[in-house]
Amino acid sequence: MMNNWEWILSTAVILSAIIFVLLYRWHIKRAMDTIEKMLDTAMKGDFSENCFDESRLSALETKFAHYFSASAISAKNVEEEKNKIKKLVADISHQTKTPIANLLLYCELLQEDDLPESARSNVEALYGQTEKLRFLIDSLVKLSRLENGIISLSVKLQKLQPMLGYVVNQYSFKAEQKGLYLRLEQTDAAANFDAKWTAEALGNIVDNAIKYTVHGGIDITVKIYEMFVRIDVTDSGIGISESEQAQIFSRFYRSEQVREQNGVGIGLYLAREIFSHESGYIKVISEPGKGSTFSIFLSI
């Protein structure tokens, strides 16, 4: 049997333990409430380390406060840089559009004059290089806006046929000028994509196919799978060596065998970026001298 002192001591120990546990739980709850408040404030983008008295915070809470403060500053810096890029891109687009348009106009006017053959060839070369510059500026502006989130794609489930038909109509005349066919297989398939930007990306692929095909033509077909659709653009052109197939989607990459062609090496890179923003992807199967097939995969 315990005497009174032993009972009192035992009871005091138990009460002390209970009080300690309750205080510990209260402290943990207070710390969690403080961190939760920090998270809510940070998610709203209003976090300020001045909102918290560091002397009253635990070491863990203090570290969270410093982390959220640094994150808020970083997010603000990123937003400021994005706005600077947005303004720069807009300025480049605005400042170059008129001079390039004027150069093309003057070249067209010169082509209508009775020029010596040597001068005419120079004017045609100038016109071609100006067109190349226009395409490069336009592509860089689009790419910059896409990469920096200045524009966003409106991806939704829709039929592919109208978009494919638009691309074919855009490039049919160019194919006919080279004596090539451009055929589109009719389809009822639907996929998740942005019609405007996907047409831009697919147009770059079709344009390349026409540019590097001498005989035959280009076929566009669609195959439906359970989770995605595949759009194939198959040409009978010069083909791509296996060693170059992984590089052709790089920015400004151009193969040695096509450097004399009027290209800037950005079309396929832009196409890949667009499909990536749609949660899709692109791959190529090709053999030199036997043509290429570019396959675009879009989710259903």
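**View 1. Strands S6 and S7 pair in the antiparallel sense over 6 bridges.** S7 covers residues 292–299, and strands are DSSP runs (E, at least two residues; helices are H or I runs of at least four), numbered from the N terminus. Two strands count as paired if DSSP finds at least two bridges between them. Thr293 in S7 is the bridge partner of Ile285. The model is predicted: local features need pLDDT of at least 70, side-chain atom pairs count only at pLDDT 80 or more, and totals for chains, interfaces and linings use all residues. Residues are numbered from 1 along each chain as its sequence is written, and side-chain values use heavy atoms, with hydrogens and water left out.

**View 2. The open sheet has 5 strands in the order S2-S4-S5-S7-S6.** Its pairing is mixed. S2 and S6 (281–286) are the edge strands, each pairing on one side only. On average, neighbouring strands of this sheet are turned by 15 degrees against each other, direction ignored. Helix H4 packs on the sheet and touches S2, S4 and S5. The direction of H4 makes about 170 degrees with that of S2; axes are lines fitted to C-alpha atoms, for helices over the stretch in contact, and angles run from 0 to 180 degrees between N-to-C directions.

**View 3. Helix H4 spans residues 161–177.** Just after H4, Gly179 has a positive phi of about 75 degrees.

**View 4. The buried residues of H4 include Met163, Leu164, Val167 and Val168.** Gln161, Gly165, Tyr171, Ser172 and Ala175 are also buried (under 20% relative accessible area, with a 1.4 Å probe and protein chains only). The packing partners of the buried H4 residues are strands S1 (156–159), S2 (181–184), S3 (190–193), S4 (217–224) and S5 (228–235), together with helix H5 (195–211). A contact means heavy atoms within 4.5 Å.

**View 5. The protein chain contains 6 helices and 7 strands.** From the N terminus on, the elements run α-α-α-β-α-β-β-α-β-β-α-β-β. Of the 300 residues, 36% are buried. Among contacts between residues at least 6 apart in sequence, 69% join residues at least 24 apart.

Technical notes:
The expected span of a helix is 1.5 Å times one less than its number of residues. Buried means under 20% relative accessible area, exposed over 50%, partly exposed in between (1.4 Å probe, protein chains only).
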